[in-house]
Amino acid sequence: QVQLVESGGGFVQAGGSLRLSCAASGRAISGFAMGWFRQGPGKEREFVAVISWSGGKTFYADSVKDRFTISRDNAKNTVYMQMNSLKPEDTAVYYCAAHATEYYSDSYYYTSDFGSWGQGTQVTVFS
């Protein structure tokens, strides 16, 4: 079982940037797709971004496309998300998660397929 710890959240003015990190321990994540999800106040958890196990494919929610960038450093067993041009509606607890299937190669990702989750990091964007 992999353990995931997110960091990098905080308070930021609209238009600003933050870089989230997700450090994994317990096993290597190099063979697993990794995703970022978020849950805003009074909202359900939603998909934000995913990166394939190889790092060659990335997918984003329409609401963050062209503003957020997901990346991974397998040598450091860490996944990142660079968030630019932040908006108040980006305010949420951000979670990273590891896909349950090693070397998953399909282009479709479902939240239920992510088996390991971090505890989340709070991002608050004020105007």
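Select Phe37, Phe47, Phe59, Tyr104, Tyr109, Phe114 and Trp117: ring pairs link them into a cluster. Rings of Phe, Tyr and Trp (its six-membered ring) pair if their centres lie within 6.5 Å; planes under 30 degrees apart count as stacked, over 60 as edge-to-face and the rest as tilted. By this rule there are seven aromatic pairs.

This is a predicted model, in which local features need pLDDT of at least 70 and side-chain atom pairs count only at pLDDT 80 or more, while totals for chains, interfaces and linings use all residues. Residues are numbered from 1 along each chain as its sequence is written, and side-chain values use heavy atoms, with hydrogens and water left out.

**Stop 1: two ring pairs**

A pair of aromatic rings is described by the distance of the centres and the angle of the planes. Show Phe37 and Phe114. Their pair is edge-to-face, with 5.2 Å centre to centre and 75° between the planes. Phe37 lies in strand S4 (residues 34–39) and Phe114 in strand S10 (residues 114–117), so this pair ties together parts that are 77 residues apart in sequence. Strands here are DSSP runs of E, at least two residues long; helices are runs of H or I, at least four long; both are numbered from the N terminus.

The ring centres of Phe37 and Trp117 are 4.8 Å apart and their planes stand at 50°, so the pair is tilted. Trp117 is in strand S10 and Phe37 in strand S4, so this pair ties together parts that are 80 residues apart in sequence.

Which of these rings are buried? Phe37 is, and so is Phe114. Buried means under 20% relative accessible area, exposed over 50%, and partly exposed in between (1.4 Å probe, protein chains only). Phe37 has 1% relative accessibility. Trp117 is partly exposed, at 27%.

**Stop 2: two loops**

Most residues other than glycine have a negative phi. Now select Asp66. Its phi is positive, about 75°, although Asp66 is not a glycine. Find Asp66 in the loop between strand S6 (58–60) and strand S7 (68–73). Is Asp66 buried or exposed? Asp66 is exposed, with a relative accessible area of 78%.

Go on to Ser85. Here too phi is positive, near 50°. Ser85 sits in the loop between strand S8 (78–83) and strand S9 (92–99). With a relative accessible area of 41%, Ser85 is partly exposed.

**Stop 3: Ala24**

Select Ala24, in strand S3 (residues 18–25). Ala24 counts as buried, at 13% relative accessibility. What does Ala24 touch? Leaving out residues up to four places away in sequence, Ala24 touches Val2, Gln3, Leu4, Ile29 and Asn77. A contact means heavy atoms within 4.5 Å. From C-alpha to C-alpha, Ala24 and Cys96 are 9.8 Å apart, though 72 residues separate them in sequence.

**Last stop: the whole chain**

Of the 127 residues, 46% count as buried.
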